[in-house]
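Please keep the viewer open as you read.

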Amino acid sequence: MAENKQTDSATRVPSASELRMKMLEKEMRAMEESRKARERAQEEHAKFTDGFLKGQVSEGERAKIRQLVMNAVAQGHMEAMVYSFPSSLCADDGRAINSGDRDWPKTLQGKAKQLYDRYKEFAQPQGYKLKAMVINFPGGVPGDIGFFLSWGD
C-alpha cells in the first residue's frame, strides 16, 4: 500500500494553479535576467561614453589605426575605415555628417575630435584624405559614424 502512495504522488498531475505559478516564476526570472542585462549594457555604454568624451586617444588606438591602414594596403585597398563611434556622440547626433554638411567636423566631440585634429595636423599634409560617413541606420536614424582614411588620388 505504501508503494501505491509513492507512485500516486510521483505521477500526480499538477493543478492548473500550480502550473500558472511555475510559468509566472519562470517569467519573473526571465524579466529579472533581462533587467540585469539592460543595467549592465547601460553601465558599459555610460563608461564608453565617458571615456570617449573625456579620455585621450591612446597609443594603442593609434597603433590599431596604423595596423588597419597597413592591412588595407596589403590587400590592395586605397582606403580603410579606421575608427567608428555612435552618432549620438556627435553634437548633432550625426546629422551634419549624414547630410554632407562641409562643417561636419565642428560637430565632433571627444576622441573623434582628437583624431580629426590629429589628421589635420599630421596626415592631411602628407596627402591623406579623411571622410566621415554614417555606416548604419538602425530604426531609420543615423547609428554609427565611420572615419575612412584614404591615400589614393
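1. Charges first. In this predicted model, the protein carries 24 positive and 22 negative side chains. The centres of the two sets lie 1 Å apart.

2. Next, the overall build. The protein has five helices and three strands, and from the N terminus on they follow the order α-α-α-β-α-α-β-β. Its C-alpha trace spans about 95 × 35 × 30 Å along the principal axes. The radius of gyration is 27 Å, whereas a compact globule of 153 residues would have one near 15 Å.

3. A few totals go with that picture. The accessible surface comes to about 11000 Å², and carbon and sulfur atoms account for 54% of that area. Of the 153 residues, 27% are buried. Among contacts with a separation of 6 or more, 56% join residues 24 or more positions apart.

4. Which residues have the most contacts inside the largest nonpolar core? They are Val82, Phe85, Ile97, Trp104, Leu108, Ile145 and Phe147, in a core of 26 residues. At least two core residues come from each of helix 3 (59-74), strand 1 (79-86), helix 4 (95-99), helix 5 (110-123), strand 2 (129-134) and strand 3 (144-150). Helix 5 gives the most, with five residues.

5. Beyond its neighbours within four places in sequence, Phe85 is in contact with Phe52, Cys90, Leu108, Ala112, Gly143, Asp144, Ile145 and Phe147. If you look for phenylalanine 48, 37 residues away along the chain, its C-alpha atom is 10.0 Å from that of Phe85.

6. Setting aside residues up to four places away in sequence, Leu108 touches Phe85, Cys90, Ile97, Lys113, Tyr116 and Phe147. Phe85 also has both Cys90 and Phe147 among its contacts.

7. Is glycine 143 buried or exposed? Glycine 143 is buried, as its relative accessible area is 12%, and it belongs to the loop between strand 2 and strand 3. With residues up to four places away in sequence left out, Gly143 touches Phe85, Pro86, Ser87, Val134, Asn136, Phe137 and Pro138. Glutamine 124 is 19 residues from Gly143 along the chain, and their C-alpha atoms are separated by 27 Å.

8. Serine 150 is found in strand 3. At a relative accessible area of 15%, this serine is buried. Its contacts, not counting residues up to four places away in sequence, are Met78, Glu79, Gly127, Tyr128 and Lys129.

9. One backbone angle to check: aspartate 93 has phi near 60 degrees, a positive value in a residue other than glycine. Aspartate 93 lies in the loop between strand 1 and helix 4. With a relative accessible area of 37%, Asp93 is partly exposed.

Technical notes. Residues are numbered from 1 along each chain as its sequence is written. This is a predicted model: local features need pLDDT of at least 70, side-chain atom pairs count only at pLDDT 80 or more; totals for chains, interfaces and linings use all residues. Side-chain values use heavy atoms; hydrogens and water are left out. A nonpolar core is a set of buried Ala, Val, Leu, Ile, Met, Phe, Trp, Tyr and Cys residues joined through side-chain atoms within 4.5 Å. Buried means under 20% relative accessible area, exposed over 50%, partly exposed in between (1.4 Å probe, protein chains only). Helices (H or I, at least four residues) and strands (E, at least two) are DSSP runs, numbered from the N terminus. Contact means heavy atoms within 4.5 Å. The radius of gyration is taken over C-alpha atoms; the globule rule is 2.2 Å times the number of residues to the power 0.38. Accessible areas come from the Shrake-Rupley method with a 1.4 Å probe; for residues, only the protein chains shown count as cover. Lys and Arg count as positive and Asp and Glu as negative; His and the chain ends are not counted. The place of a charge is taken as NZ of Lys, CZ of Arg, CG of Asp or CD of Glu.
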